[in-house]
Amino acid sequence: MKFYVVRKGRQPGIYTSWPECEEQVKGFPGAVYKAFPTKAQALAYVGECLPDCLTVIPSFTFEPLAAPLSTGIHVWVDGSCLQNSRGRLHFGWAYIILDGERELHRASGHDVPTEARRHRNVAGEIQAVLQALAWCRAHGIAEAAIHFDYEGLACWVEGTWKTRTAFTRAYTEWVRALGMTLTWHKVLAHSGNPYNELVDRLAREAARSVSEKEKT
């Protein structure tokens with residue numbers, strides 16, 4: 001079996017057959033893809049081309065942190081999907097990164113790939129994980145605890161759930177290719193945890209901001 005990495009194509013990711021790969025690159029202008037004999041080599045190649053090999057991950061530039069990091073990095077994530085009066089969906093994502101109790105960074109946004117929107121609020125949660133781990137990687141963080149309220153975020157990466165869409169497959173392969181040591185901690189949504197409530201609010205605000213812009 002060969003493993004085909006599509007770096008630039010209709011849906012970047014790793015494919016296990018040539019027909020699947022061909023579907024993503026045939027007729028696609030400037031397609032970039034490569035075949036590997038083992039999955040480990042394919043994942044290594046994905047890691048080399050991060051973060052630009054998957055369309056769900058933007059490019060980042062960051063200032064270095066002023067203080068050294070400990071190993072107690074905690075990442076809280078959440079996503080939102082709101083429907084306006086005309087039935088249009090608006091998405092939001094948010095995360096906060098802590099070193100112990102010290103806040104390192106927080107961010108939110110409303111950019112979710114078109115192919116992911118069928119997942120509703122889960123699309124925002126996935127995007128929050130991707131964005132947060134991209135930030136961690138850019139700052140040399142190799143170990144983190146992820147706090148989330150949708151179990152699929154962990155189950156896909158750990159292999160207890162099968163990825164059935166291109167977006168969840170791309171998410172899973174990208175997270176695994178990072179080479180980070182991650183522990184996953186599911187929390188009960190809207191249970192009063194201050195960090196869970198914070199990222200939930202930020203994600204909803206990000207989704208609402210799109211709706212407000214449409215009114216102007």
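Asp149 sits in the loop between strand E7 (143-148) and helix H4 (152-158); helices (H or I, at least four residues) and strands (E, at least two) are DSSP runs, numbered from the N terminus. The model is predicted, so local features need pLDDT of at least 70 and side-chain atom pairs count only at pLDDT 80 or more, while totals for chains, interfaces and linings use all residues. Residues are numbered from 1 along each chain as its sequence is written, and side-chain values use heavy atoms, with hydrogens and water left out.

Asp149 is buried (under 20% relative accessible area; exposed is over 50% and partly exposed in between, with a 1.4 Å probe and protein chains only). What is the nearest side chain of opposite charge to Asp149? It is Lys186, 6.7 Å away, and Asp149 has no salt bridge (a side-chain nitrogen of Lys or Arg within 4 Å of a carboxyl oxygen of Asp or Glu). For charge, Lys and Arg count as positive and Asp and Glu as negative; His and the chain ends are not counted. The side chain of Asp149 does make a polar contact with that of Asn196, at 3.5 Å (a pair of N or O atoms within 3.5 Å; within protein, one must be able to donate a hydrogen and the other to accept it, and residues adjacent in sequence count only if both atoms are side-chain atoms).

In soluble globular proteins, nonpolar side chains tend to be buried together. The largest nonpolar core here has 34 residues, and Tyr171 and Trp184 have the most contacts inside it. Such a core is a set of buried Ala, Val, Leu, Ile, Met, Phe, Trp, Tyr and Cys residues joined through side-chain atoms within 4.5 Å. Helix H3 (121-138) is among the elements that supply at least two residues each, and H3 gives the most, with ten. A second, separate core of nine residues includes Trp76 and Val199.

The structure holds nine aromatic pairs. Rings of Phe, Tyr and Trp (its six-membered ring) pair if their centres lie within 6.5 Å; planes under 30 degrees apart count as stacked, over 60 as edge-to-face and the rest as tilted. Trp76 and Tyr195 form a tilted pair, 5.6 Å centre to centre with 40 degrees between the planes. Trp76 lies in strand E4 and Tyr195 in helix H6, so this pair ties together parts 119 residues apart in sequence. Trp76 is buried at 7% relative accessibility, whereas Tyr195 is partly exposed at 29%.
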